[in-house]
Amino acid sequence: PEKVTYLQFGFVIMERERYSCPRCKKPLDAGPNYQPRYCDQCGQKLTFAGIEWKEERELGFARRAAYESIQN
């Protein structure tokens, strides 16, 4: 998995793990409540067996300069 950061509510910096298709590398919309069976881009069959889902983590609050760096 790849760790990604994003803004929640426009000012809270959050970190989460993102999973990608092993064939085409497209990010998957997968989490503890939903795991797709196939990649919607290339059709690769997916399995999430053995994945230990981790909670999103709050890293802090964005200031204007931090907000601009997250967006880029």
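## Glu15 and its contacts

Glu15 touches Lys3, Val4, Thr5, Glu56, Arg57 and Leu59 when residues up to four places away in sequence are not counted, a contact being a pair of heavy atoms within 4.5 Å. Glu15 belongs to strand E2, where strands (E, at least two residues) and helices (H or I, at least four) are DSSP runs numbered from the N terminus. With a relative accessible area of 15%, Glu15 counts as buried; here buried means under 20% relative accessible area, exposed means over 50%, and partly exposed lies in between, using a 1.4 Å probe and protein chains only.

The model is predicted, so that local features need pLDDT of at least 70 and side-chain atom pairs count only at pLDDT 80 or more, while totals for chains, interfaces and linings use all residues. Residues are numbered from 1 along each chain as its sequence is written, and side-chain values use heavy atoms, with hydrogens and water left out.

Side chains of opposite charge can pair when their charged atoms come close. A search of the whole structure finds four salt bridges, each defined as a side-chain nitrogen of Lys or Arg within 4 Å of a carboxyl oxygen of Asp or Glu.

One of them joins the side chains of Glu2 and Arg18, with 3.1 Å from N to O. Because Glu2 lies in strand E1 (residues 2–8) and Arg18 in strand E2 (residues 12–18), this pair ties together parts that are 16 residues apart in sequence. Glu2 is partly exposed at 38% relative accessible area, and Arg18 is also partly exposed, at 24%.

Another salt bridge is formed by Lys54 with Glu17, whose closest N and O atoms are 3.6 Å apart. This pair links distant parts of the chain, 37 residues apart, since Lys54 is in the loop between E2 and strand E3 (57–61) and Glu17 is in strand E2.

## A salt bridge within the loop

The side chains of Asp40 and Lys26 also meet in a salt bridge, at 3.1 Å from N to O. Both Asp40 and Lys26 lie in the loop between E2 and E3, so the pair ties together parts that are 14 residues apart in sequence. Asp40 counts as exposed, at 64% relative accessibility, while Lys26 is partly exposed, with a relative accessible area of 26%.
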